[in-house]
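Open your viewer and get ready to select. This tour goes stop by stop, and each stop says what to pick and what is there.

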Amino acid sequence: MTIPTHNFYEILPDGRYRFRVDNLLINDFNTCDRYFMFRHMGQRIADSEAPVVWASKTLNIKIALGQWWSSVMERTYDQMARGSLPTEHHMWRFATDAWQDDSMEAFAKSDPEVFEKFGGVDGARAMALEYWEAFVRQHWNSWRILGSELGFGWRTDDQGRPEMYLGEDDKVVVYYGGKPDLELVDMAQNMLMPLDHKTKDQIDSSVASSFKPHPQTAGYIWATREMLKHMENVEGVKPPTKCVIMVAARFRPTDKPRKGVRKPRFMPVYPSYSEAEIEEWRVSVVEKCRRLRDAIERNVWIPRESACHLFYHGCMFLRVCSTPPNMREHILQADFQRVAPWQPYDVEEI
Ligand code: SF4
């Protein structure tokens, strides 16, 4: 197998590796070296072809519901950023349009049990209306929305904005990028904050503590501080010490729970970090990149068995790793599709 040169790293004249990473890339490596190899290192099938990586042939309905919800939220807060409060009718429209755009009806056949539990397009509209009732007017009154899906970190235009330099040592130089769902100013605290939407089956008592420690929340706070230096109309606004995670339950909580207390459908969580904690995160990403360089150089991708049964239904490569090494390539070819690898320049810059 030939390991091709990738967009996320290059070798500098001084021999160090220059990495461009985001949370997904570095977290995949942190989860399992072999998973990273399948998902990001790829193969060059022929000399003339671009490298390709392995991806599932089917999209998990729970992941699809998360993407659909992000799309509804993007439409909602985009409208606020343009100076108009979304109405109930808008929410119904956003839910319906995103449902169609994401071809969600296809899951009625491929995953009927979860589809029915969610409630199809009627469940989608009800979820959007429930969010409107709970949070839309509150956020309209308490937040100034600066923009949704504002990417940071990659130099894609000719305006001379710098990539976001994260750190370096004698082996690596690291740049960081990403795309929080929203950037907002909390007017009561006069603080700039990144926000991300997350979906879970249901919201239980562990949700409040599940986003710290968390590499994405720390990274968004670090990056939003950097973004503040280039933003307009934010004079006097404080840099963030916290971010907002808006957690939504995919499945509507029952109105008659056995323990008598109805679980919430939505819950905002506010992970907060001190300067020392952000610095600890920054140093850890540089260290992970150093380990990634070692894996690339030696072409050694150890399986991290403790991660095999994580994810929604276990790792997508479970069947591959459960078979003898000489059979794995056959299973990859039969059960997976080849796609273009992660591309650091896919996101817009602020
Ligand atoms: S099945 Fe386990 S060892 Fe294999 S890629 Fe997934 S997490 Fe890694």
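**Stop 1: around helix 8**

Select helix 8. Its buried residues pack against helix 1 (23-31), strand 6 (172-176), strand 7 (182-186), strand 8 (191-200), strand 9 (244-249) and helix 9 (275-298). Helices (H or I, at least four residues) and strands (E, at least two) are DSSP runs, numbered from the N terminus. Packing here rests on contact: the C-beta atoms of two residues, placed from the backbone, lie within 7 Å.

Before you go on, note what you are looking at. This is a predicted model, where local features need pLDDT of at least 70, side-chain atom pairs count only at pLDDT 80 or more, and totals for chains, interfaces and linings use all residues. Residues are numbered from 1 along each chain as its sequence is written.

Stay on helix 8. How many of its 14 residues are buried? Ten are, and the helix is mostly covered. Buried means that 20 or more other C-beta atoms lie within 10 Å of the residue's own; exposed means 12 or fewer, and partly exposed is in between, with C-beta atoms placed from the backbone. Colour the buried ones: Q216, T217, A218, G219, Y220, I221, W222, A223, T224 and M227.

Now check the length of helix 8, residues 215-228. At 1.5 Å a residue, its 14 residues should span 20 Å, and the end C-alpha atoms are 20 Å apart, so the two agree. The expected span is 1.5 Å times one less than the number of residues.

Step back to the loop between strand 8 and helix 8, where you find P213. A cis peptide bond joins K212 and P213, with omega about 0°.

**Stop 2: the ligand**

Select the ligand. Which residues surround the ligand? They are C32, R34, Y35, P303, R304, E305, A307, C308, C315, F317, L318 and C321. By type, the shell has nine nonpolar residues, no polar ones and three charged. Here Ala, Val, Leu, Ile, Met, Phe, Trp, Tyr, Cys and Pro count as nonpolar, Asp, Glu, Lys and Arg as charged, and the others, Gly among them, as polar.

**Stop 3: the core**

Next, select F19, A95, A128 and V174. They have the most contacts inside the largest nonpolar core, which has 74 residues. Helix 3 (residues 61-81) gives the most to this core, with seven residues. The core draws at least three residues from each of domain 1 (9-57 + 290-346) and domain 2 (61-148 + 180-273). A nonpolar core is a set of buried Ala, Val, Leu, Ile, Met, Phe, Trp, Tyr and Cys residues joined through C-beta atoms within 7 Å. Domain bounds come from an automatic or database domain assignment. The C-alpha centres of domain 1 and domain 2 lie 30 Å apart.

Zoom in on F19. Leaving aside neighbours within four places in sequence, F19 is in contact with F8, Y9, V172, V174, Y175 and C289.

**Stop 4: helix 3**

Select helix 3. Its buried residues are I61, L65, W68, W69, S70, V72, M73, T76, Y77 and Q79. The 21 residues of helix 3 should span 30 Å at 1.5 Å a residue; the end C-alpha atoms are 30 Å apart, which agrees. After the helix comes G83, whose phi is positive, near 95°.

**Stop 5**

Pick W54 in strand 3 (residues 53-56). W54 counts as buried because 21 other C-beta atoms lie within 10 Å. Beyond neighbours within four places in sequence, W54 is in contact with F38, R39, L332, F336 and R338.

Now pick F266, in strand 10 (residues 266-269). Is F266 buried or partly exposed? F266 is partly exposed, with 15 other C-beta atoms within 10 Å. Not counting residues up to four places away in sequence, F266 touches Y131, A134, F135, M246, V247 and A248.

**Stop 6: two loop asparagines**

Select N190, in the loop between strand 7 and strand 8. Its phi is near 50°, a positive value in a residue other than glycine. N190 counts as exposed, with 12 C-beta neighbours inside 10 Å.

Finish at N299, in the loop between helix 9 and helix 10. Phi of N299 is positive too, near 55°. With 10 C-beta neighbours inside 10 Å, N299 counts as exposed.

Note on methods:
A residue is near a molecule or strand if its C-beta atom, placed from the backbone, lies within 6 Å of it.
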